[in-house]
Amino acid sequence: MKIAVVILNWNGVQLLEQFIPSVVEYSLEATIYLADNASTDDSISFVMANFPSVKIVKNDSNSGFAGGYNEALKHIDAEVYALVNSDIEVTKNWLQPIIKAFENESQTAIIQPKILDFKRKEYFEYAGAAGGFIDKYGYPYCRGRIFNTLEKDNGQYNDNCEIFWASGACFFIRSSVYKELKGFDVDFFAHQEEIDLCWRAFNKGHQIKYISESVVFHVGGATLKQGNPKKTYLNFRNSLLMLSKNLPKDELYWILFCRMVLDAIAGLQFLLQGKFNHFAAILKAHSSFYRLFSINYKKREKFQSEKYYNQKSIVFLYFVKKVRIFKHLFND
């Protein structure tokens, strides 16, 4: 099976110096590409001088995660794309279990490995952990991570199972499916575009899986820090865009209304905490969503599955009932 490991980069030479050696060492089964989003640092020259086996794809501009991958993958021929963040450390034999799953399971279109925290390697990492899901209002959560609570990896998710979304930090997808879905939605720029892509794949009957035998470590926030108001803006806006595209029609407006109420509560909390930049980011996110709503509504497919979510509210369970562990979500 022809695998392309594609690392998207923008002015990340320090991350490449630290993390690309593990990718090169442990990815002998794949061709490795650096997809560069018009960096102005020494990223390209560093890779060319130190890792000549890595192929370079130069994008003309920084079009974010979504546009950057869409543009770069036009120039890459492979059966499977492995989209890997520049702050990912891979481990020995990380590719073999995933290749085996793709070879043996024709319905499996997207796969995520186990993602652990590079800084605390015994814990799951925020961006994906052991596979993602969403609740009835479209809030994402993971096996091993609910909101900001991370579980320790005690082997509780050492299984292979179907999930709803796979993390963009380390995201495997059949190239045929990527092309069928026309790639990531460039309106998202960055954040939650992988959930949107997975939701669209799910609506078309494709399966998304978590494979625990493959393990990677992720720094997280290396490009955009967790406390950055731009991250708040992108997450709030893109979540609404995702819902407008993928929710079943009879639930769309009701759930969007509920989300806006919950967003207003989040904004009020930011005000009370003195985080005025984050409050302003939510206002900006909603303003941008209103401008983009009609465009995104037209992107809706003919079929939206009604079985996309856990019927419970993660917000209620986490903040009111104080549920912090994934497996406890389903206890009556």
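Tutor: Angles between axes under 35 degrees count as roughly parallel, and those over 145 degrees as roughly antiparallel. The model discussed here is predicted.

Student: Are α1 and α2 roughly parallel or roughly antiparallel to each other?

Tutor: The axes of helix α1 (residues 13-25) and helix α2 (residues 43-50) come within 9 Å and cross at roughly 25 degrees. The cut-off for roughly parallel is under 35 degrees. The angle falls under that cut-off, so α1 and α2 are roughly parallel.

Student: How many residues of the contact of α1 with α2 are nonpolar?

Tutor: From α1, the contact takes Val 13, Leu 16, Glu 17 and Ile 20, which meet Ser 43, Phe 46 and Val 47 of α2. One residue of this contact is polar and one is charged, and the nonpolar ones number five.

Student: How are α8 and α9 oriented: roughly parallel or roughly antiparallel?

Tutor: Helix α8 (residues 249-272) and helix α9 (residues 276-297) have axes that come within 8 Å and cross at roughly 165 degrees. Angles over 145 degrees count as roughly antiparallel. The pair α8 and α9 is therefore roughly antiparallel.

Student: How many charged residues does the contact of α8 with α9 have?

Tutor: On the α8 side the contact includes Lys 249, Asp 263 and Phe 270, and on the α9 side it includes Phe 276, His 286 and Tyr 297. By class, 14 residues of the contact are nonpolar and three are polar, while the charged ones number two.

Student: Is the crossing of α8 and α9 left-handed or right-handed?

Tutor: For comparison, the crossing of α1 and α2 is right-handed. That of α8 and α9 is left-handed.

Student: Is Phe 319 buried, partly exposed or exposed?

Tutor: Phe 319 is found in helix α10 (residues 314-320), and its C-alpha is 9.8 Å from that of Phe 147, 172 residues away in sequence. Its relative accessible area is 45%. Buried means under 20% and exposed over 50%, so Phe 319 is partly exposed.

Student: Which residues of helix α4 are buried?

Tutor: Helix α4 covers residues 96-104. Its buried residues are covered by elements including β1, β4, β6, β12 and β13. The buried residues are Pro 97, Ile 98, Ile 99, Ala 101 and Phe 102.

Student: What is the radius of gyration of the chain?

Tutor: The chain has ten helices and 13 strands. For 332 residues the globule rule gives 20 Å, and the chain comes close to this, so it is as compact as a globular protein of that length. Of its residues, 58% count as buried. The radius of gyration is 19 Å.

Terms used: Residues numbered from 1 in each chain as written. Predicted model: local features only at pLDDT ≥ 70, side-chain atom pairs only at ≥ 80, totals over all residues. Heavy atoms only, no water. Axes fitted to C-alpha atoms, helices over the stretch in contact; angles between N-to-C directions. Helix = DSSP H or I, 4+ residues; strand = E, 2+ residues; numbered from the N terminus. Parallel < 35°, antiparallel > 145°, perpendicular 65-115°, else oblique. Left-handed = near helix turned anticlockwise from the far one by under 90°. Contact = heavy atoms within 4.5 Å. Nonpolar A, V, L, I, M, F, W, Y, C, P; charged D, E, K, R; others polar. Rg over C-alpha atoms; globule rule 2.2 N^0.38 Å. Buried < 20%, exposed > 50% of the residue type's maximum accessible area, 1.4 Å probe, protein only.
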